[in-house]
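This note sets out points for a colleague who is examining the structure below. Please read the points beside the sequence and the coordinates.

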Amino acid sequence: MTEITATDAPDHRPGLTPSPSPSPVSAHAPAASTTVTLPGDAPARAAAPAIDVPWAGPLDLDALRQGRPLLWTQDRAGHPVRLPAAPQERDDAARPGGHPTGAGARAGISTGTDPDTAPAHAAETESDALAAALPDAEARLARCAPVLAACDPALAAAGGVIESPLLAQPALQAALGLPQAAGALWIKADHQLPLAGSVKARGGFHEVLLQAETLARRHGLLAADAPPAPPAPPSQQAAVLASPQARALFAEHEIAVGSTGNLGMAIGLMAAALGFRATVHMSAEAKGWKKDRLRRHGVRVVEHTGDYAAAVAAGRAAAEADPRAHFVDDERSRALFLGYAAAARGLARQLADAGRRVDAEHPLIVWLPCGVGGAPGGIAWGLQRLFGAHVHPFFVEPVASPCLLLQLLVAHPAVCAAHPLLAQLARAPQPPAVYDIGLDNRTLADGLAVPRASALVAEQVGHRLAGVLTVTDARLRALMRTAHTAAGLRLEPSAAAALDGPLWLARAQALSDKAAADGAGDLAAARAWLARSGVGAHLARATHVAWTTGGALLPDAEFAAAMDGPAA
């Protein structure tokens with residue numbers, strides 16, 4: 001079923017003035033302090049936060065606004081981003097007689113306090129709440145593996161475990177021109193994940209399973225006090241959630257999501273497989289083949305003429321009007337975030353099995369394509385909980401859609417002091433959109449075509465990042481071709497973005513002292529980051545993990561068309 005609405009439009013906020021010529025920035029920000037912790041999905045913030053990062057590389061704002069690729073680096077801070085207090089959302093499901101439509105009911109995380117009377121909490125408390133909930137998310141994915149295995153033959157072959165291989169890539173490394181002195185290239189092949197074919201399976205499947213368990217307990221199909229122990233397959237969990245009684249219950253409820261494509265695929269296909277009414281609100285950037293695949297699996301697709309943010313807003317509004325609807329909110333969902341964070345432990349096991357050490361002398365550098373930020377944010381957060389200062393996450397965004405980078409920039413007081421436009425955006429009532437700096441959010445990487453980043457990710461992960469890289473569409477085509485020719489990898493443009501990162505650090509490491517002293521732009525800043533972080537001294541022993549986020553399900557014609565064009 002297709003519904004088309006033409007009422008959506010990109011958010012072009014008027015009244016913003018151009019910035020003057022960019023200038024280098026050395027950020028020495030004040031310490032971070034207060035935020036607010038809510039049960040359930042994270043609220044939208046009221047104003048731009050401040051970030052406690054002792055140093056940031058120079059920003060070429062003109063390059064950012066003109067869509068030229070750049071690498072922006074920063075020191076990682078010891079504190080989360082500071083967020084001003086925001087209005088609390090009610091969690092009516094936690095109250096006697098309340099209807100389970102509140103934020104806590106949607107995300108399944110509770111602080112144990114009444115959000116109407118609880119004081120604002122520090123950002124550290126929010127991080128602590130996520131950390132406390134992570135073991136439960138990991139356990140849920142483990143005990144529900146038989147449920148997943150029953151949903152799809154490919155998932156059955158994997159035993160219902162959501163995991164992708166970690167692949168050494170010496171041939172691809174050579175084809176890309178990445179010298180061995182810059183470390184070893186590995187691929188975390190989430191583009192091969194079953195059913196959904198993308199990294200979104202991790203968070204998306206987790207949130208659908210959480211909602212299924214929640215409803216099953218509420219209606220007496222599962223014990224209300226604790227999940228059942230996982231006996232040998234077929235487990236009680238699988239038997240209950242796949243039972244006719246559960247399917248009849250789920251058929252009375254809707255799971256909805258707004259998406260450019262991949263999250264919609266993960267949520268829609270899994271929700272439909274369990275018997276839910278599944279609705280995916282698709283933005284203008286979504287590919288037709290993804291919509292067609294959803295419809296073939298019984299998913300209702302609502303097409304919007306606006307961008308990702310417009311599709312999410314429309315889907316959220318529709319779900320709020322239906323007491324039996326659960327909206328998966330990629331901008332705010334902690335359940336999604338935790339599903340992605342659970343990937344960290346699997347990667348740690350794979351690195352150990354491959355003999356790849358991770359310590360001060362063997363740094364782990366992870367390159368994560370970024371759209372709204374939920375998937376890379378959760379993964380980066382999870383990895384840093386395991387590896388601490390020895391993992392260095394970088395996000396990679398299209399030059400037309402650097403929404404997370406923009407949100408980080410407006411959180412740096414010194415950056416804003418140097419660039420009045422960013423200072424103006426920092427004072428705006430909502431996080432900035434790429435339209436605000438003159439970009440159009442149009443990119444070959446449809447999965448990354450997001451105008452405004454997740455505030456939850458910016459708050460919890462922004463200070464943990466080593467930096468953000470931007471990449472052109474022409475470069476994405478070149479990377480897709482090289483990956484396919486040298487390694488037989490079938491990547492969508494969004495996934496190919498991850499392959500560009502290691503080359504930037506290699507070029508920065510090779511930069512001459514004179515060029516660095518002369519301030520050779522991004523590379524000089526990256527060279528300074530290599531020295532400040534200690535990574536430069538051990539780059540030859542580094543493990544670069546390029547997290548390839550989707551592509552195996554691309555139809556042949558789509559794959560060929562994506563690579564057909566000018567490359568850089």
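The numbered points below go from the whole chain to individual residues.

1. Basis. The model is predicted: local features need pLDDT of at least 70, side-chain atom pairs count only at pLDDT 80 or more, and totals for chains, interfaces and linings use all residues. Residues are numbered from 1 along each chain as its sequence is written, and side-chain values use heavy atoms, with hydrogens and water left out.

2. Overall composition. The protein chain contains 25 helices and 12 strands; these are DSSP runs numbered from the N terminus, helices being H or I with at least four residues and strands E with at least two. Of its 568 residues, 60% count as buried (buried is under 20% relative accessible area, exposed over 50%, partly exposed in between, with a 1.4 Å probe and protein chains only). The accessible surface of the protein chain comes to about 19400 Å², and carbon and sulfur atoms hold 55% of that area (Shrake-Rupley method, 1.4 Å probe; for residues, only the protein chains shown count as cover).

3. Contacts and core. Among contacts with a separation of 6 or more in the protein chain, 77% join residues 24 or more positions apart (contact means heavy atoms within 4.5 Å). The largest nonpolar core has 162 residues, and those with the most contacts inside it are Phe-205, Phe-395, Leu-422 and Trp-547. Such a core is a set of buried Ala, Val, Leu, Ile, Met, Phe, Trp, Tyr and Cys residues joined through side-chain atoms within 4.5 Å. Helix α10 supplies the largest share of this core, 9 residues. Beyond its neighbours within four places in sequence, Phe-395 touches residues including Leu-368, Pro-376, Leu-404, Val-457 and Leu-469.

4. Stacked pair. There are 4 aromatic pairs in the structure. Rings of Phe, Tyr and Trp (its six-membered ring) pair if their centres lie within 6.5 Å; planes under 30 degrees apart are stacked, over 60 edge-to-face, and the rest tilted. Phe-250 and Phe-276 are stacked because their ring centres are 4.4 Å apart and their planes lie at 10°. This pair links distant parts of the chain, 26 residues apart: Phe-250 is in helix α9, and Phe-276 is in the loop between α10 and β6. Phe-250 is buried at 0% relative accessible area, and Phe-276 is buried at 6%.

5. Edge-to-face pair. With ring centres 5.2 Å apart and planes at 75°, Phe-394 and Trp-529 are edge-to-face. Phe-394 belongs to strand β10 and Trp-529 to helix α24, 135 residues apart. Phe-394 is buried at 0% relative accessibility, as is Trp-529 at 3%. Together with Trp-367, these two residues form one aromatic cluster.

6. Trp-289. This residue lies in helix α11 (residues 288-296) and counts as buried at 12% relative accessibility. Which residues does Trp-289 contact, leaving aside its neighbours within four places in sequence? They are Met-265, Leu-553, Leu-554, Pro-555 and Glu-558. The C-alpha atoms of Trp-289 and Pro-555 are separated by 7.7 Å, although the two are 266 residues apart along the chain.

7. Helix α13. Because 8 of its 8 residues are buried, helix α13 (residues 334-341) is largely enclosed by the rest of the structure. Its buried residues include Arg-334, Phe-337 and Tyr-340.
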